[in-house]
Amino acid sequence: TQIQQQTRPLTDLKFLTLGSSVSWGAGLPNRYKAYPYLLSSNPSDSTNLAVRAAGPKYPSVCLQSMLLGDKKEEKEQEYDVIVLEYYFKSKDGLYDLTSRLRIRYPDAIIILLRLWMPVHLLVMDEHNKEVGVLKDWALQHSLDIHSHDFATEIRHVQLAWPNEEITHERNAEQERAMQDFSCHLFIMDGMDLSPKEALQQNRDYFSSDYSHLSDAGHYYVYQNILRIVYREIHNQPYPLTPRIGSWGFQYDACVSWYESGSCPLVHSSNVYMDLFDPRGMKYAITTSSAYEEGWIMVHNPFDTEQNVVLSFMASGPPPSIYPKVEVVMDTDISTSGEMQSKVINPVSNYYPYKVHIVVSAKIGVIAAGGEARVIWKPIREKEIEGKQPFRIIALAVVGTHVEEGGVLGATADFTFL
């Protein structure tokens with residue numbers, strides 16, 4: 001099909017943002033002042049699918065489910081400009097996500113954001129050894145990043161950027177996606193300066209929590225995104241009817257009730273929706289007791305064999321607040337023709353401080369068009385006393401290339417217990 005070469009008016013462009021807490025609007029008095037909501041004067045032309053504290057792994061695996069939602073008509077699924085805000089977690093799925101987006105939207109302008117936040121700056125001693133992070137230093141001295149006292153005191157502090165090797169790996173991942181999928185890159189001011197100079201020149205762009213952008217920072221990012229869009233449309237006419245491609249060889253059917261509290265899956269009568277974090281409005285399906293079994297049904301709507309990935313809550317450091325469970329996929333039409341079983345220990349060993357996070361695990365393979373009953377059975381051990389019931393927050397039917405690793409739940413919630 002020949003593409004029409006007339007340029008689509010800027011006012012008709014449809015925007016899609018995929019990102020983490022910054023794009024969601026964390027740190028703002030009104031999160032709807034975040035840059036994704038500024039990109040179009042028509043709210044229906046700007047879709048923000050950012051998820052707090054999440055990296056690109058989840059959308060790279062569940063892109064089809066995220067984009068389709070309740071949009072049944074293909075016309076509703078058009079996007080002309082796609083913004084990806086995943087710099088700090090770029091190694092965890094950015095390349096795969098960009099690949100899927102380019103296959104689906106061959107004409108779209110894809111923009112990668114390379115942002116930095118004061119929370120990542122390190123405080124060094126006179127021997128150039130790390131002694132802490134800027135945010136902790138500021139809190140200890142009761143200094144707001146926007147205050148005159150902060151500007152005065154910071155002159156006497158030695159700062160450093162994060163580990164150069166890690167920074168290089170993040171940059172390389174973005175540049176690989178740019179080269180292979182014709183993306184554009186916006187680099188935030190200051191990253192070529194010393195950290196102290198960068199902070200002094202750009203601190204108005206940051207929220208008082210040191211971790212997110214301020215209203216001014218979001219406006220700054222919004223302006224620079226539009227500059228790239230204007231430049232690209234001026235250099236090459238954007239088609240009036242942009243192409244929508246296929247999903248390639250990757251299909252997904254993901255459902256999460258972590259933030260919505262709504263689970264469409266059939267489940268056993270003793271399973272209920274639990275608002276286990278009222279402050280953060282986080283939900284899980286669970287049972288009344290840590291000793292109880294429960295089950296949910298899963299269906300593979302595709303004509304290909306798919307992996308089934310379960311996302312659940314875990315805590316750390318050990319011991320976990322949750323019991324170990326045996327998860328069984330009960331179906332007579334699975335690949336093996338038998339029940340598939342896996343033992344899950346909902347614990348995180350990665351962080352030295354207390355965390356309550358989402359962890360995911362592949363629990364089996366489901367045949368094309370198949371159905372399975374997913375059963376979890378708590379393993380009775382001495383330490384089960386006082387444990388909380390196993391909590392499930394999402395289930396995904398994904399390609400057989402998807403294994404464990406990365407955040408495959410809706411988000412990772414680093415809430416101190």
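This is a predicted model: local features need pLDDT of at least 70, side-chain atom pairs count only at pLDDT 80 or more; totals for chains, interfaces and linings use all residues.
Residues are numbered from 1 along each chain as its sequence is written, and side-chain values use heavy atoms, with hydrogens and water left out.

Now the helix. α6 covers residues 164-181, 18 residues, and spans 26 Å from its first C-alpha to its last, close to the 26 Å expected at 1.5 Å a residue. That expected span is 1.5 Å times one less than the number of residues. Helices (H or I, at least four residues) and strands (E, at least two) are DSSP runs, numbered from the N terminus.

Which residues of α6 are buried? They are Arg170, Asn171, Glu173, Gln174, Ala177 and Phe181. Seen down the axis of α6, these fall within an arc of 150 degrees, so they line one face of the helix. The arc is taken over the directions from the helix axis to the C-beta atoms. An α-helix has 3.6 residues a turn, so residues three or four places apart point the same way. On the other side of α6, Glu164, Glu165, His168 and Gln179 are exposed. Buried means under 20% relative accessible area, exposed over 50%, partly exposed in between (1.4 Å probe, protein chains only).

What covers the buried residues includes α3 (94-104), β4 (109-114) and β8 (184-187), with contact meaning heavy atoms within 4.5 Å.

After α6 comes Ser182, with a positive phi near 55 degrees, although Ser182 is not a glycine. Ser182 sits in the loop between α6 and β8 and counts as exposed at 52% relative accessibility.

Tyr210 is not a glycine either, and has a positive phi of about 70 degrees. Its loop runs between α7 (195-202) and α8 (215-235). Buried or exposed? At 2% relative accessibility, Tyr210 is buried.

Last, the cis peptide bonds. One runs from Gly316 to Pro317, with omega near -10 degrees; Pro317 is in the loop between β13 (306-316) and β14 (325-330). Another joins Pro318 and Pro319, with omega about 0 degrees, and Pro319 is also in the loop between β13 and β14.
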